[in-house]
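The following account leads the reader through a structure, one part at a time.

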Amino acid sequence: MTQPSFPHAPASRRSVLTALAALAVLPLSACSSSDGSAASAESPASAAPADGGTLRYAATGSPATASDDPHGGLGNESDILRFALVYDVLTLPGEDGGTRPRLATSWKPNETLDRWTFTLRKDARFTDGTRVRAADVLYSLRRIADKAAENYGRLADFDLDRSTAPDEHTVVLATRTPMADAPRALESVSFVVPEGTEDFSRAVPGSGPYKVEGTSSRTSVLTRNDDWWGKRPHLDRIEIQAVADPQARANAVTSGQADIAGSVSPAAVKSAGTSARTQVVRREGVTEYPFVMRLDTEPFDDPRVREAFRLAADRKALVDTVYLGYGRIANDLPTPYDPSTPKDLPQRTRDVEKARRLLAEAGHEDGLSVTLHTTTSYPGMDTAATLYAQQLADIGVEAEVKVEPADTYWTAVYAKKAFYTGYYGGISFTDLTRVGLLSDSPTNETAWRSDTFDDGFDRAMATADDTERQALLAGIQKELWEDGGYVVWGTGDGLDLAAPGVRGLPDGPGFQRMFIDQVWLDR
Amino acid sequence: MTPRTVPAPAEATRRRTPPVAAGAVRRAVPVAAAVVLLVCVPLGRYAAPHPPERTVAAPWAPPGGEHLLGTDALGRDVLSRVLAGGTHLLTVSLLTAAAAVVCGTALGLTAGWTGGRTAHAVRALCDLLLAVPALVLALVLAVALPGTTAVVVAAVLSGAPLTARIVTAQCAHLRDSGHVLAAVERGERTSAVLVHEVMPALRRLVAADAGLRLVTALQIAAALAVLGLGPQPPTPDWALMLSENLPGAALNPMALLAPAIPLAGCAWMIAAAARAAARTPGETG
């Protein structure tokens with residue numbers, strides 16, 4: 001998982017044209033939104049969940065990149081949603097940042113934290129009637145590891161060749177280094193398929209709460225799997241529609257063609273979400289567009305310049321403009337929502353005077369010119385860069401904004417240019433550190449190389465006690481706060497629109513939102 | 001020419017003056033309006049009530065109050081951005097149209113005058129260039145060239161052949177007309193014949209064609225700017241504003257409509273001017 005926890009669905013030129021074509025109908029929706037207060041997703045309108053009904057979910061996804069392989073790139077949310085309902089996973093993200101059991105009921109590490117024993121539940125069956133065995137789990141995990149090139153090395157930290165299945169319901173997973181957060185690394189994406197499955201073009205038996213009734217490139221229809229081991233789902237059917245354009249997803253809910261629109265833009269929520277006919281689900285700390293400075297490139301090799309750039313950011317203005325207020329300001333730590341975030345750091349605020357002074361000390365009293373790259377992959381990335389460039393002008397920095405094509409940004413700009421707009425979608429601090437902050441990380445986008453940071457991370461990962469480990473991780477983040485290459489000005493909420501009767505929608509972090517097996521309809 | 005068809009000078013003046021004047025006015029007004037427009041657009045920036053590149057209010061504020069047309073995605077004044085936003089588009093389009101007309105006319109005169117193999121080769125080249133859609137050409141070129149250069153090259157490559165075609169046909173026709181043959185008989189040099197005899201007769205045709213080239217160039221430049229290959233933020237630009245303000249179309253529709261209107265209006269006025277310029281004197285309607 002390099003940049004996002006799932007890779008960008010590129011906003012192609014085609015989708016811009018599609019959006020333009022839809023332009024004629026947009027002003028109509030403006031007239032229809034009233035000022036009724038938005039109901040919250042958790043509002044307990046009626047106490048007992050009702051059974052039955054069909055839920056229509058408009059999820060991010062483009063038919064052109066649809067995939068049936070749960071171990072590959074996971075580029076489409078519409079596909080992940082289907083996998084999450086059809087296959088079981090070992091663990092799930094919990095509400096409190098902890099890890100919840102799913103197919104794995106319990107886990108225990110060895111002394112050195114590099115060998116984890118997972119106990120599987122005994123009552124799980126695939127839809128073809130066969131039992132889910134440890135061999136199936138191990139096969140699936142190995143298949144994910146083999147597809148590292150497609151899935152950004154999702155399980156690269158596990159040594160699956162040395163992992164074993166000592167009995168039907170136990171897997172022992174080896175990790176390459178001590179890894180205190182191994183159960184967390186398996187959250188959500190460890191989809192289990194029967195051993196030996198290679199062909200995913202035909203229906204593959206899963207052991208999840210739903211089974212596939214039919215699929216096309218645009219729509220999948222799922223029906224309840226009555227033999228599932230877990231708490232019986234309420235909905236009879238779930239229809240997943242893959243819709244690439246965020247405005248079209250929002251419109252599907254306001255016009256009654258869908259019950260849920262996943263991942264819509266703040267503008268769409270603001271225009272549709274105030275209507276009495278929709279409710280807004282806010283998932284905190286889901287998107288983040290940090291400005292990334294490379295420490296090995298001028299002028300960012302000077303810590304005073306980096307500090308000045310951080311002091312230039314008017315964080316509130318950025319959050320209010322880019323996320324229209326659906327977000328919160330951040331303090332230059334790339335994962336502010338992570339349980340390891342240090343609590344005792346002062347919030348960095350705008351200080352134009354100090355920033356100018358620092359720039360002068362660094363030898364830029366006559367001004368400084370930089371190019372700030374950005375793109376339109378995610379809504380607001382270009383807005384963020386343009387507004388930040390205005391704020392940089394106030395400290396005497398002339399920042400030229402360059403909007404790069406979305407389809408080449410993540411290969412030509414990301415982790416290559418000296419100063420650009422990044423994207424993170426709810427990645428954990430430990431994941432981010434492994435891919436981007438250790439001296440030998442594969443995509444060290446800020447060129448952050450610190451021995452104390454590396455050692456601190458290794459020590460934390462070899463610490464079994466949770467509180468102690470989080471404290472160690474918090475410690476190394478202070479160094480990052482003082483000296484790192486990130487300007488993290490804020491995080492945006494993940495926003496879903498739902499019809500008023502939809503209840504029990506998950507609003508937790510990461511892929512937790514995909515596990516909608518306990519959603520019900522209040523009609 | 002029989003004497004009967006030639007009216008007495010006095011009679012002719014009396015009978016024909018009013019239509020000629022009306023026709024001239026009808027021709028002059030659209031052309032003058034288009035010229036005024038082209039002059040005014042670059043000056044619009046100075047009439048802007050707010051700095052067009054600065055955030056001055058909350059994003060997507062609806063029209064009214066201090067901001068007549070509301071604000072855009074970054075809370076910038078839409079009216080100011082519309083006033084300042086036409087210069088790049090029109091400059092690029094004018095440049096492109098001029099280049100296309102000059103190249104096309106030169107090619108057309110060469111082919112039309114020489115005929116034979118040269119004419120054949122020019123026609124084949126034109127057909128080849130016309131077979132590639134201008135927008136596709138621009139998108140492909142934009143991979144290697146800066147956005148604006150791609151627009152200019154693509155619009156010239158797709159516009160010049162159209163000009164060349166009509167100029168070739170007219171020039172070939174004129175070559176056999178009386179006054180041209182007379183000039184050739186007098187022993188005038190080819191270049192002199194082309195400049196003094198052929199070109200004046202082609203004046204209206206080329207003027208009308210230039211208008212069409214300008215409209216096409218405007219369309220290509222706008223399309224590429226919408227796709228992000230033109231001016232970069234925070235530059236105010238009508239076409240770029242369309243893509244910038246699309247997400248908030250429901251919150252402040254004026255952010256989207258306000259740049260669309262002058263964009264379409266400019267194209268319409270230039271087309272009208274071209275049509276007017278093409279009319280021969282005395283012809284009405």
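In which sense do strand 7 and strand 8 of chain A pair, parallel or antiparallel, and over how many bridges? The model is a predicted one, and in it strand 7 of chain A pairs with strand 8 (residues 170-175) of chain A in the antiparallel sense, over 4 bridges. One point at which this pairing can be located is A:Asp159, which stands opposite A:Ala174 in strand 8 of chain A.

This pair belongs to an open sheet of 4 strands in chain A, whose order is 5-6-8-7 and whose pairing is antiparallel. Strand 5 (104-109) and strand 7 (158-167) of chain A form the edges of the sheet, each of them pairing on one side only. From one strand to the next, the twist averages 20°. A helix accompanies these strands: helix 4 (residues 134-146) of chain A lies across strand 6 (115-120), strand 7 and strand 8 of chain A. Relative to strand 7 of chain A, helix 4 of chain A runs at about 175°.

Is strand 2 (residues 54-60) of chain A mostly covered or mostly uncovered? Strand 2 of chain A is mostly covered, with 5 of its 7 residues buried. Strand 2 of chain A runs parallel to strand 11 (residues 237-243) of chain A, and 7 bridges join the two. Within this pairing, A:Ala59 has A:Ala242 of strand 11 of chain A as its bridge partner. Strand 2 of chain A also pairs with strand 12 (residues 260-261) of chain A, again in the parallel sense, over 2 bridges. There, A:Ala58 stands opposite A:Ala261 in strand 12 of chain A.

Chain B is built from helices: its secondary structure comes to 10 helices and 0 strands. Along the sequence, chain B accordingly reads α-α-α-α-α-α-α-α-α-α. Why is chain B described as more spread out than a compact globule? Its radius of gyration is 24 Å, well over the 19 Å that the globule rule gives for 285 residues, so chain B is more spread out than a compact globule. Taken along the principal axes, the C-alpha atoms of chain B fill a box of roughly 75 × 50 × 25 Å. Of the 285 residues in chain B, 46% are buried. Among the contacts in chain B with a separation of 6 or more, 72% are between residues 24 or more positions apart.

The UniProt record, an unreviewed entry, annotates residues 89-113, 210-230 and 250-271 of chain B as "transmembrane region". In the model, residues 210-230 of chain B are 81% helix and 0% strand, and the end C-alpha atoms of this span lie 23 Å apart. For residues 250-271 of chain B, the span is 82% helix and 0% strand, with its end C-alpha atoms 32 Å apart.

The two chains meet where 26 residues of chain A are in contact with 22 residues of chain B. On the side of chain A that touches chain B, the elements giving two or more residues are helix 1 (13-21), helix 2 (26-32), helix 7 (266-272), helix 11 (381-393) and strand 17 (397-403) of chain A. Helix 11 of chain A gives the most to this side, with 6 residues. By class, this side of chain A has 14 nonpolar, 8 polar and 4 charged residues.

Technical notes: Residues numbered from 1 in each chain as written. Chains lettered and ligands numbered in written order. Predicted model: local features only at pLDDT ≥ 70, side-chain atom pairs only at ≥ 80, totals over all residues. Buried ≥ 20, exposed ≤ 12 C-beta atoms within 10 Å, placed from the backbone. Pairing = 2+ DSSP bridges. UniProt positions renumbered as here; feature names shortened; annotations may be inferred. Axes fitted to C-alpha atoms, helices over the stretch in contact; angles between N-to-C directions. Contact = placed C-beta atoms within 7 Å. Rg over C-alpha atoms; globule rule 2.2 N^0.38 Å. Nonpolar A, V, L, I, M, F, W, Y, C, P; charged D, E, K, R; others polar.
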